[in-house]
Amino acid sequence: MTLTNQKAPDFTLPRDGGGDVTLSAIEGSVVLYFYPRDDTLGCTSQALAFTAAADDFAEAGATILGISKDSVAKHEKFRDKHSLGIALLSDEHADTCERYGVWVEKKMYGKTHMGIERSTFLIGADGLVVREWRKVKVDGYVDEVLEAVRAL
């Protein structure tokens, strides 16, 4: 499933710190990243990398949103523990994950289960998906996403 050059599926989800975020209400471009679980090694590295680059993304006109199935309360603990500076949205029922095609069958230790495929979508100010990264490897990819934002 590819969403590139298509209208990004809209959503309204609760976020850390309270309130809701609606994709279509955000001005400018959006870096929307889906990650499996709060406070795991890869997800923490990813969130820290986005937090470290948050000012650069803002300067380039992009809002960063992280989405997982974790609850808002769990997001807040994760945010506070690691001093994260990005919005974390809760998709507890995986509706948004499914619409973006990141709720997939995964295998771990020989067992199959459903989970979030680490993926990132760059959405332009016009609401179209400009680029997507699937099955993301965390090391160095935040710089690649930032370059893509700056190229808009």
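**Entry 1: basis of the notes**

I note that this is a predicted model, in which local features need pLDDT of at least 70 and side-chain atom pairs count only at pLDDT 80 or more, while totals for chains, interfaces and linings use all residues. Residues are numbered from 1 along each chain as its sequence is written, and side-chain values use heavy atoms, with hydrogens and water left out.

**Entry 2: salt bridges**

Side chains of opposite charge can pair when their charged atoms come close. I took a salt bridge to be a side-chain nitrogen of Lys or Arg within 4 Å of a carboxyl oxygen of Asp or Glu. My search of the whole structure gave seven salt bridges.

I began with Arg131, which meets Glu144 in a salt bridge of 2.8 Å, N to O. Arg131 lies in strand E9 and Glu144 in helix H5, so the pair ties together parts that are 13 residues apart in sequence. Helices (H or I, at least four residues) and strands (E, at least two) are DSSP runs, numbered from the N terminus. Glu144 is partly exposed, with a relative accessible area of 33%.

I then turned to Arg79, whose salt bridge with Asp16 has its closest N and O atoms 3.2 Å apart. Arg79 belongs to helix H3 (residues 72–82) and Asp16 to the loop between strand E1 (12–14) and strand E2 (20–22), so this pair ties together parts that are 63 residues apart in sequence. Asp16 counts as buried, at 3% relative accessibility. Arg79 also meets Asp80 in a salt bridge (2.9 Å, N to O). Asp80 counts as exposed, at 52% relative accessibility. I recorded Arg15, Asp16, Arg79 and Asp80 as linked in a network of salt bridges.

**Entry 3: helix H5**

Which residues of helix H5 (residues 141–150) are buried? I found Tyr141, Val142, Val145, Leu146, Ala148 and Val149. Seen down the axis of H5, these buried residues fall within an arc of 160°, so they line one face of the helix. The arc is that of the directions from the helix axis to the C-beta atoms. On the other side of H5, I found Asp143, Glu147 and Arg150 exposed.

The buried residues of H5 pack against E3, helix H1 (41–52), helix H2 (54–59), strand E4 (62–68), E8 and strand E9 (129–133). Contact here means heavy atoms within 4.5 Å.

**Entry 4: nonpolar cores**

In soluble globular proteins, nonpolar side chains tend to be buried together. A nonpolar core is a set of buried Ala, Val, Leu, Ile, Met, Phe, Trp, Tyr and Cys residues joined through side-chain atoms within 4.5 Å. The largest nonpolar core has 23 residues, of which Val31, Tyr33, Phe50 and Phe57 touch the most other members. E3, H1, E4 and H5 each supply at least two residues of this core, and H5 gives the most, with six residues.

I listed the contacts of Phe57, leaving aside neighbours within four places in sequence: Val31, Phe50, Ala62, Ile64, Val142, Val145, Leu146 and Val149.

**Entry 5: aromatic pairs**

Rings of Phe, Tyr and Trp (its six-membered ring) pair if their centres lie within 6.5 Å; planes under 30 degrees apart count as stacked, over 60 as edge-to-face and the rest as tilted. By this rule I counted nine aromatic pairs. The rings of Phe34 and Tyr100 have their centres 5.3 Å apart and their planes at 45°, so the pair is tilted. Phe34 is in strand E3 (residues 29–34) and Tyr100 in the loop between helix H4 (95–99) and strand E6 (103–108), 66 residues apart. Tyr100 counts as buried, at 0% relative accessibility.

Phe34 also pairs with Phe121, edge-to-face, at 5.8 Å centre to centre and 90° between the planes. Phe121 is in strand E8 (residues 119–123), 87 residues apart from Phe34. Both Phe34 and Phe121 are buried. Elsewhere I noted a cluster in which ring pairs link Tyr33, Tyr35, Phe50, Phe57, Phe78 and Tyr141.

How values were computed
Buried < 20%, exposed > 50% of the residue type's maximum accessible area, 1.4 Å probe, protein only.
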